[in-house]
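Please keep the sequence and the model in view while reading.

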Amino acid sequence: KELVNWGLVRIVTRKGERREYFEAEKDVWKMFVTISKERKRRELDPALGVLRSCAEQTKDETSPEGKAFHAQMQELEEFVAFSGNVADVVAGMKHTSALQWAMRLLG
């Protein structure tokens, strides 16, 4: 059912039949974009919220360990936010543009 909600699978009915059939998305790029957006929404965004909360709650720490933990939470927050931004940019690209970008990036 989740795949249907994501748009990766469609329910198809055939004329004269009461059964439902399922048809998978055939465009690999559309599948990638859909999965990327859903995983970002379900995994990255909540993690980013937790990291922001941890960084906010530890900003006034005075012990060396507390300061180190706060700095680590800030760095993780920046990295996860950056990762999410990259995912958004790539998902917004056309397939050929994304492949060209990846080829330049990877050499």
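## A network around Arg10

In this predicted model, a network of salt bridges links Arg10, Glu23 and Glu25. Because Arg10 belongs to strand E1 (residues 9-13) while Glu25 sits in the loop between strand E2 (20-24) and helix H2 (28-57), the pair ties together parts that are 15 residues apart in sequence.

The two partners can also be described by their accessibility: Arg10 is partly exposed, at a relative accessible area of 34%, whereas Glu25, at 17%, counts as buried.

## A pair within helix H2

Glu38 and Arg41 form a salt bridge in which the closest N and O atoms are 2.4 Å apart. Both residues lie in helix H2, where a spacing of three residues corresponds to about one turn of the helix. Glu38 is buried, with a relative accessible area of 14%.

## A link between helices H2 and H3

Asp88 and Lys40 meet through their side chains in a salt bridge, with an N to O distance of 3.7 Å. This pair links distant parts of the chain, since Asp88 is in helix H3 (residues 64-92) and Lys40 is in helix H2, 48 residues apart. Asp88 is partly exposed at 39% relative accessibility, while Lys40 counts as buried at 16%.

## The overall count

Side chains of opposite charge can pair when their charged atoms come close. With a cut-off of within 4 Å between a side-chain nitrogen of Lys or Arg and a carboxyl oxygen of Asp or Glu, the count comes to eight salt bridges.

Conventions
Residues are numbered from 1 along each chain as its sequence is written. This is a predicted model: local features need pLDDT of at least 70, side-chain atom pairs count only at pLDDT 80 or more; totals for chains, interfaces and linings use all residues. Side-chain values use heavy atoms; hydrogens and water are left out. Helices (H or I, at least four residues) and strands (E, at least two) are DSSP runs, numbered from the N terminus. Buried means under 20% relative accessible area, exposed over 50%, partly exposed in between (1.4 Å probe, protein chains only).
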